[in-house]
Structures are given as structure tokens and as C-alpha cells.
Amino acid sequence: MLGAVFFFTVMDAVAKKLSSDIGLIPTIWARYAGQALLVFLIVLPRISTVAKSEYPKLQVLRSVVLMAATCLFFLSISKIGLAEATAIMDINPVLITLGAFLFLGEKIGPRRILGIMASLVGALIIIRPGTEVFTVYAVFPLIAAVCYTTYNLTTRFVGDRESPWTSLLYSALFGAAVFSCLVPFYWQPLSLFAAGLMVLLGLCGTFSQLMLIRALSIGEASLLAPFAYVGLIYATLWGVLFFNEFPDQWSIAGAIIIALSGFYVWYRDTFGSKQERAK
């Protein structure tokens, strides 16, 4: 999970730079086409086995919501700071707890609800609707977090019932097919540097998804969720180093509230349930 988070943040930083050079559509296409090509080459000797899925509808759902999350997040980081967008996106661990209650029948108590509400307050502090700093692009990571939560829950449901390569192939092929139809209308000449970034983007997308799928197939989603907050550190670091972006005091405060809320919900999920069973 830590490896997945690292490659996700590198991918986001590369996407932010690449979208400013060649545009958003070619950037998203490079992310999915690169992953699809790499995964296809790896599984080619056993493609007939890997391509078979016991949950084709769920695999399609996973692919759609992941593509939606990617599009919304990449669009947001092309307009706002990397750290701010990542902090808003990081409400998804507490949304996973809410989703598990609504769709997987897991229990949720008033303390967990309090943690979810606090996390949303943290996101609103960063977004600051009604102020001069508010922009619609700051709402996109919030919607992306909902999409990504759906992706995590469906990935967890599929779990170890299917090969991680099957899940990886499906999630890559759908996005690659959609954006391969769109990219010719937005294509522009590439520099050698931009071409290198496109390759790096595809590699980071592949490694991050493979590690995430593997993590979710062997560990509970609620147990793994807090590790996502390491991404806040990486995103802030990449923003400062490569884009000269320094989050303001309100963004830092909101990020801290989101992280603390997530850790609290995780603590209740992990240790609170054990204490309740002990009683």
C-alpha cells in the first residue's frame, strides 16, 4: 500500500506537468494506454486465462469509476495545487467506511459518523465555498474521492477471487479504449521530454494500480486506508520541489483535520471493534 501511494503521487505530479505541456486528454490517454500496453505484454502468454472474469459487470464498474476519478483529479491538479487536491481526495478512506455500511452491511456507530462529518468539514475548509479563493476545480477532487471509494469497495469485493492481473487489465483497457477515440482530436507534437513523461506516467499508473489491487486482495480496506495519508507528505513535497506550490494555513488546517478524522475512523474500525468483541 505504501508503494502504491508513492507511485500514485509521482503519477499525479507527472500528470500535472504533462497536462500543462500537451493538454489533459493526451495526458489521460498516456496514463491508460501505457498501462494497457504494459499489462497486455506481461500477460500475453496467458491472455486467454487472464481476460476471463467471474465478475464482468463489477470489472466494468471498477473501470468506469476509476476513469472518472482520474479525469476529475487530473483536471483539478491542472488548475489548483497538488497538495490541496490530494488532501481533498484523501477523504476517501472515511468514505470507504460509509460505503461499507451502505453497501456491504458493515456496522457504523455515532463515533464513526462523527469522524466522517469532521473529514467533510476539513475538505470544506480547503475548498472554502463562498470565498474569493473558491474555484469549481476544488470540488472535482471531492467527486473523484466518491468515485475512487466505489473503485476501492468493488476491488475489495472482487478481492482474491480473481487474479490481480485480471483486475489490472480491465481497469486499463476501458480507459485506453475511450481515450484512444478522443486523443486524435487533441493531439499535438511531442518533445522528447514530454514523450519521456508519457512513458513514466504509464509506468507509475501500472505499478500503483498493481500494488493497490494486491494490497486490497490480502488486507482489509479499512486496515489499509490510513496509509493513504502518506500521500499528503509526498504531494506537498512534489508541489514545493517541482511547482513552487506552498499550501496556505487554511489548506494545512483542513488537511490535518481530514487526516486526523481518517485515523480516528481507522482506530474505531480496527481497535474499537476488538474491544467491543472482548466485552
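Q: What counts as a helix here, and how are helices numbered?
A: Helices are DSSP runs of H or I with at least four residues, while strands are E runs of at least two, and both are numbered from the N terminus. This is a predicted model, where local features need pLDDT of at least 70, side-chain atom pairs count only at pLDDT 80 or more, and totals for chains, interfaces and linings use all residues. Residues are numbered from 1 along each chain as its sequence is written, and side-chain values use heavy atoms, leaving out hydrogens and water.

Q: Which helix supplies the largest share of the lining of the second largest pocket?
A: A pocket is an open set of points on a 1 Å grid over the protein atoms alone, with protein on both sides within 12 Å along at least five of seven lines; a cavity is a set where a 1.4 Å probe fits but cannot get out, and lining residues have an atom within 4 Å of a point. Helix 4, helix 6 and helix 8 each bring at least two residues to this pocket's lining. The biggest contribution, six residues, is from helix 8.

Q: How much space lies in the second largest pocket?
A: Grid points are joined across faces, edges and corners, and a volume is the space filled by probe spheres set on the points. On that basis, the second largest pocket holds about 240 Å³. Of its 14 lining residues, Gly99, Phe103, Thr149, Thr150 and Leu153 sit closest to the centre. So the volume to note, by that definition of the space filled by probe spheres, is about 240 Å³.

Q: How many charged residues are in the lining of the largest cavity?
A: The largest cavity has about 420 Å³ of space, and Phe8, Asp12, Met89, Asn92 and Tyr148 are the closest to its centre among 28 lining residues. Ala, Val, Leu, Ile, Met, Phe, Trp, Tyr, Cys and Pro count as nonpolar, Asp, Glu, Lys and Arg as charged, and the others, Gly among them, as polar. Sorted that way, the lining has 18 nonpolar, seven polar and, for the charged group, three.

Q: Which helix gives the most to the lining of the largest cavity?
A: Several helices supply at least two residues each, including helix 5 (82-89), helix 10 (192-218) and helix 1 (2-22). The top contributor, with six residues, is helix 1.

Q: Where do the buried residues of helix 12 lie around its axis?
A: Buried means under 20% relative accessible area, exposed over 50%, and partly exposed in between (1.4 Å probe, protein chains only). In helix 12, the buried set is Gly231, Leu232, Ala235, Trp238 and Gly239. Taking directions from the helix axis to the C-beta atoms, the buried residues fall within an arc of 135°, so they line one face of the helix.

Q: How many disulfides does a search of the whole structure find?
A: A disulfide is a pair of cysteine sulfur atoms within 2.5 Å. The sulfur of Cys147 is 9.6 Å from its closest cysteine sulfur, in Cys71, so that's too far for a bond. The whole-structure count is zero.
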